[in-house]
Every structure is written in structure tokens, then in C-alpha cells.
Amino acid sequence: MTCHRAGPVAGRRACLVGLGGGLLLPAWTPAWAGAQVEEQLADAVRTALSAAVADDAPPKPRFDHIEDRLAYLRWLGAMSERLKRQKSELQTRVEFLETLWYESKRAGLEPALVLGLVQVESNFRKYAISVAGARGYMQVMPFWMRQIGDGDVSRLFHMQTNLRFGCVILRHYLDVEQGNLFMALGRYNGSRGRAEYPNMVLGARKRWLPAA
């Protein structure tokens, strides 16, 4: 059974299974999102984005207060439990979550939002490729590696590189849209102004919110 990105909206929705407050994509669903439109970047913007993705040092979270560290560890444990279905191996799961948390915070994004976006984009598959050619967890289009990276498109399958680029790109779109998350998510998907994709990501986000 296959779901096609080019199919009607109803067909896409038929590929989704509701789970709790969010959306869970079954493992066989191919990546269909992540068709960002290549745009001309001002030199200052390109330089800033290049600097934002340049440091690929492993994530090392630092906490000024023990309460913050304990909150982080509680988050890590809770999210690890929720992610078992997609990533069964503990070490792989924890490394992914540690990196996603780090890159989300580094870009000023909510980890639950980024987890929701990854769920919709790739269903947590490291080597996912969309019909548009977007790659990896956050379905980054190859042109970004040429515009602000080192040009090596294969690096988009590296976990931290992919999450770094995806978070920096979403932050860029948020800045362009003056903080309008709905429009920024649409721009990330290449469907700016249409509700389907932002609604999917925001729906999936609910699954990854920490317990109250």
C-alpha cells in the first residue's frame, strides 16, 4: 500500500492515523512534505544562515540551575517512552532526542513543535527522501546545502546536520514571517497560505508536549 504526495488532500489524510491529540504516520508512509521553494537570499541573510549552520560540534546542554537539568531529564525520559514505536533502540532514541532538544533550543524553537514537524515530514526516518528530493528527518531541500552549507548534499542524512539545517531554516522562515508560525510552517512546506500542512504539524505537536 502506498500513499502518493501528488494525490488529493483526502488521499493524504487517509494516510494518517489519529493518536491522542496528535497524528501518527504509519511506518510505510513515504515522505511527502518539505518542498521549500528556493529563493534569492540577501548577502547578509546568507552569511547569517551560513554561520548558524557552521558549527557541527556535538550537543552539550548546559544548565545554570539544577531544576533546569532535572526538567530536561524528565523531558528526555518522557519523550523517549513516546518515541519507542518509531525508534526501538534506546541509545539511538536518546541521541536523537538530545540532539533535537539542543538544536531546537539553539534556534529558539519549541522542541514539541520540532518533534511534530519531524513526525509529519519523515515519521522519524533518517534516510527519508520525498518526491521533491527533500532529505532526512526534517526533509531539507538540497539547495539549502548549496546556498548556506558546504555543498555536500549527502550530509543531509547526518542526524545533527539535518536537524541543525531544519531548525535554522524554520527559524529563518519565522523571522521572514515576523513570528507568524502558521505562515512560516506553510513556507517550510512550500505551501504558504494553505492550512493543511500547518494544521498537521500543530496537531502532531500536541503528542510531544510535556505533561502538565
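Is Q86 buried or exposed? Here are some notes on this predicted model, starting with that residue.

1. **Q86 and the ground rules.** Q86 is buried, its relative accessible area being 19%; buried means under 20% relative accessible area, exposed over 50%, and partly exposed in between, with a 1.4 Å probe and protein chains only. Q86 sits in the loop between helix 3 and helix 4, where helices (H or I, at least four residues) and strands (E, at least two) are DSSP runs numbered from the N terminus. Because the model is predicted, local features need pLDDT of at least 70 and side-chain atom pairs count only at pLDDT 80 or more, while totals for chains, interfaces and linings use all residues. Residues are numbered from 1 along each chain as its sequence is written, and side-chain values use heavy atoms, with hydrogens and water left out.

2. **Overall make-up.** The chain has 9 helices and 2 strands, arranged along the sequence as α-β-β-α-α-α-α-α-α-α-α. Of its 212 residues, 48% are buried. Contact means heavy atoms within 4.5 Å; among contacts between residues at least 6 apart in sequence, 63% join residues at least 24 apart. The accessible surface of the chain is about 10400 Å², and carbon and sulfur atoms account for 54% of that. These areas come from the Shrake-Rupley method with a 1.4 Å probe; for residues, only the protein chains shown count as cover.

3. **The largest nonpolar core.** A nonpolar core is a set of buried Ala, Val, Leu, Ile, Met, Phe, Trp, Tyr and Cys residues joined through side-chain atoms within 4.5 Å. The largest one holds 51 residues, and F96, L115, V118, M138, W144, F165 and Y188 are the members that touch the most others. Two or more residues come from each of helix 2 (43-54), helix 3 (66-82), helix 4 (90-106), helix 5 (111-122), helix 6 (142-148), helix 7 (159-176), helix 8 (181-189) and helix 9 (196-205). Helix 7 gives the most, with 9 residues.

4. **M138 in detail.** Not counting residues up to four places away in sequence, M138 touches V114, L117, V118, E121, N162, L163, G166, C167 and Y188.

5. **Helix 8.** Helix 8 is largely enclosed by the rest of the structure, because 7 of its 9 residues are buried. Those buried residues are M183, A184, L185, G186, R187, Y188 and N189. They pack against helix 5, helix 7 and helix 9.

6. N123 is buried at 6% relative accessible area, and F124 is buried at 3%.

7. **Cavities.** How many cavities of 30 Å³ or more does the structure hold? There are 2. On a 1 Å grid over the protein atoms alone, a cavity is a set of points where a 1.4 Å probe fits but cannot get out, and lining residues have an atom within 4 Å of a point. Grid points are joined across faces, edges and corners, and a volume is the space filled by probe spheres set on the points. The second largest cavity has a volume of about 30 Å³ and is lined by V37, E39, L41, F143, W144, Q147, H172 and Y173. Helix 6 and helix 7 each give two or more residues to this lining, with the largest share, 3 residues, coming from helix 6. By type, the lining has 5 nonpolar, 2 polar and 1 charged residues; Ala, Val, Leu, Ile, Met, Phe, Trp, Tyr, Cys and Pro count as nonpolar, Asp, Glu, Lys and Arg as charged, and the others, Gly among them, as polar.

8. Y102, in helix 4, has its C-alpha atom 5.9 Å from that of P59, 43 residues away along the chain. Leaving aside neighbours within four places in sequence, Y102 contacts P59, K60, P61, Q160 and R164. R74 belongs to helix 3 and counts as exposed, at 57% relative accessibility. The C-alpha atoms of R74 and P210 are separated by 9.0 Å, with the two residues 136 apart along the chain.

Note on methods:
1 Å grid on protein atoms, 1.4 Å probe; cavity = no way out; pocket = protein on both sides within 12 Å on 5 of 7 lines; lining within 4 Å.
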